[in-house]
Amino acid sequence: MVILNHSKKPLIMKTPYHLLLLCALFAFESCCFYGSCDDDFDDEPLAFSQYEPVFLSRADLERSIQLGEPVQIVNSGKIYVKDDLLFVSEVREGFHVFDNSNPENPIKIKFIEVPGSTDLAIRENVLYINQATDLIAATFNFSTNTLSVTKRVENAFPELRSPDGEYAYDIPANSIVVDWKLKN
Amino acid sequence: MKKLFVYLIFTAFITSCESDSDSASGQESTSTDGQGGSLATFTLKGDYLYVVDQFDLNVFSLGNTQEPVFVNKVNVGFDIETLFGYKDYLYVGSRTGMFIYGLGDPEFPQKLSRVQHFTACDPVVANDTHAYVTLHSDTFCGNDINVLEIYDVNEVTQPVLISSRNLIFPRGLGLYGNYLIVCDDEIKIFDVSNPSESRLVNAIDRQAFDVIISGDLLIAIGETGLFQYRLSTSQEGVAYTALSSISI
């Protein structure tokens with residue numbers, strides 16, 4: 001059960017296997033779903049998800065983390081508290097930061113842009129964030145308006161699946177799925 | 001110069017001892033760590049950061065806080081959703097059940113037990129004696145199950161289901177002493193001083209999907225707002241005062 005990994009690059013052996021399994025499932029499922037195996041599947045045979053993936057090149061992903069001015073909360077996610085700071089995830093976009101020293105009047109002070117993120121934890125002045133497949137560590141000091149990434153563990157986590165549980169296909173070279181949007 | 005060098009070595013030695021004893025204390029969270037809600041997938045414990053993804057429990061070493069090092073990946077199962085750390089245990093919530101891992105060896109979390117339930121999403125929180133799990137189902141979580149389950153975890157290798165009560169659409173939850181706060185169709189407050197007979201004692205008319213209880217402060221997040229309340233207990237039970245609400 002335990003996959004020990006001595007090298008720095010994580011071994012994610014499961015992903016290709018799951019992909020294979022998924023392909024096999026769909027090959028099989030399509031017969032059952034459409035009634036007859038003689039049907040013509042040329043019409044977008046892989047358009048099984050209601051969502052389409054959003055990609056970022058690895059280079060852009062690694063440049064994407066920025067500390068910015070507050071923005072409107074649109075799609076609220078998880079919350080996290082550290083001392084007088086309150087963080088609210090903007091799902092797969094980043095984190096809203098509130099000065100919550102007075103909970104009767106929380107003040108939105110920053111937005112941390114991290115495409116692909118949903119979760120964070122904080123020790124001292126270090127943020128740990130999941131950015132799609134990567135874990136990043138970043139130090140912050142909001143009073144001096146600084147945020148700097150101190151470490152990126154690439155491919156620590158599996159590829160992002162769509163909300164209805166599908167994997168992306170035709171992923172451009174050196175690109176990462178950072179989000180899924182509802183198809184028009 | 002030599003004296004300075006010796007002094008530096010000595011200081012380094014002392015400092016390293018200090019950080020060792022910090023991690024050995026195994027507290028729920030040190031003051032240097034923040035606090036997440038019950039839907040969290042990250043937890044900090046000693047010199048490690050634990051993160052669940054859909055399949056695995058990932059272990060990162062924080063020997064150097066700014067530079068986490070990936071040390072291990074433990075396969076848990078499918079559709080893993082939440083991670084809650086309490087003392088030397090990790091509670092993993094998945095769509096098929098709750099898992100308890102022991103951190104006797106922090107780099108190799110050991111599976112101690114698993115309870116299975118019907119397919120539903122399930123955050124979990126725990127204290128010394130009990131684990132509280134909400135099961136809810138929606139389009140992606142299968143079945144029409146909306147339940148609060150309470151397990152006796154005095155024997156972590158053999159959790160025992162002692163209570164199961166139907167709710168509307170329970171999601172995030174948090175403990176406030178002998179009270180359990182559950183995000184349902186409203187934010188419900190249960191007296192769980194006798195966990196086998198949880199008693200609804202109060203409710204806040206807000207829709208939220210997760211809460212953080214930090215001291216007497218209740219922070220709730222929903223699709224339509226961020227709400228904060230001050231909690232207080234008395235002989236009669238638990239009361240709340242609205243502090244702020246931010247519409248989303």
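**View 1. The contact between chain A and chain B.** In this predicted model, 42 residues of chain A are in contact with 44 residues of chain B. The side of chain A that touches chain B receives at least two residues from each of β1 (2–4), β4 (76–82), β5 (85–90), β8 (117–123), β9 (126–131), β10 (134–141) and β11 (146–153) of chain A. Of the elements of chain A, β4(A) gives the most to this side, with six residues. When the residues on the side of chain A that touches chain B are sorted by class, 25 are nonpolar, seven are polar and ten are charged.

**View 2. A strand pairing that crosses from chain A to chain B.** Strand β4(A) is joined by two bridges to strand β1 (residues 35–36) of chain B, and the two strands run antiparallel. Within this pairing, Val81(A) has Gln35(B) in β1(B) as its bridge partner.

View 3. Gly34(B) lies in the loop between α1 (2–25) and β1 of chain B. Is Gly34(B) buried or exposed? The count of other C-beta atoms within 10 Å of Gly34(B) is 23, and since a residue with 20 or more is classed as buried, Gly34(B) is buried. Once its neighbours within four places in sequence are left aside, Gly34(B) is in contact with Tyr80(A), Val81(A), Lys82(A), Ala121(A) and Ile122(A). Within chain B, Gly34(B) and Leu44(B) are ten residues apart in sequence, and their C-alpha atoms are 8.7 Å apart in space.

**View 4. The open sheet β8-β9-β10-β11 of chain A.** Four strands of chain A form this open sheet, in the order β8-β9-β10-β11, with antiparallel pairing. Strands β8 and β11 of chain A stand at the edges and have a single partner strand each, so one side of each is left without a neighbour in the sheet. From one strand to the next, the twist averages 25°. Strands β10(A) and β11(A) run antiparallel and are joined by seven bridges, and Phe140(A) has Leu147(A) in β11(A) as its bridge partner.

**View 5. Two residues of chain A with a positive phi.** Most residues other than glycine have a negative phi. Arg92(A), although it is not a glycine, has a positive phi of about 65°, and this residue is found in the loop between β5 and β6 (94–99) of chain A. Arg92(A) counts as buried because it has 20 C-beta neighbours inside 10 Å. Glu124(A), likewise a residue other than glycine, has a positive phi near 55°, and its place is in the loop between β8 and β9 of chain A. Glu124(A) has 13 C-beta neighbours inside 10 Å and therefore counts as partly exposed.

**View 6. The open sheet β6-β7-β8-β9 of chain B.** Chain B contains one helix and 21 strands, and four of the strands form an open sheet in the order β6-β7-β8-β9, with antiparallel pairing. The edge strands of this sheet are β6 (80–86) and β9 (110–116) of chain B, each of which pairs on one side only. Neighbouring strands of the sheet are turned against each other by 20° on average, with direction ignored. Strand β8 (residues 97–102) of chain B runs antiparallel to β9(B) and is joined to it by six bridges, and Ile100(B) has Ser113(B) in β9(B) as its bridge partner.

**View 7. The covered strand β11 of chain B and its two partners.** Buried residues make up 42% of the 248 residues in chain B, while in strand β11 (residues 130–135) of chain B six of six residues are buried. His130(B), Tyr132(B) and Thr134(B) point one way from β11(B), whereas Ala131(B), Val133(B) and Leu135(B) point the other way. Strand β10 (residues 124–126) of chain B pairs with β11(B) in the antiparallel sense over three bridges, and the two strands form a hairpin with three residues between them.

Note on methods
Residues numbered from 1 in each chain as written. Chains lettered and ligands numbered in written order. Predicted model: local features only at pLDDT ≥ 70, side-chain atom pairs only at ≥ 80, totals over all residues. Pairing = 2+ DSSP bridges. Axes fitted to C-alpha atoms, helices over the stretch in contact; angles between N-to-C directions. Contact = placed C-beta atoms within 7 Å. Nonpolar A, V, L, I, M, F, W, Y, C, P; charged D, E, K, R; others polar. Buried ≥ 20, exposed ≤ 12 C-beta atoms within 10 Å, placed from the backbone.
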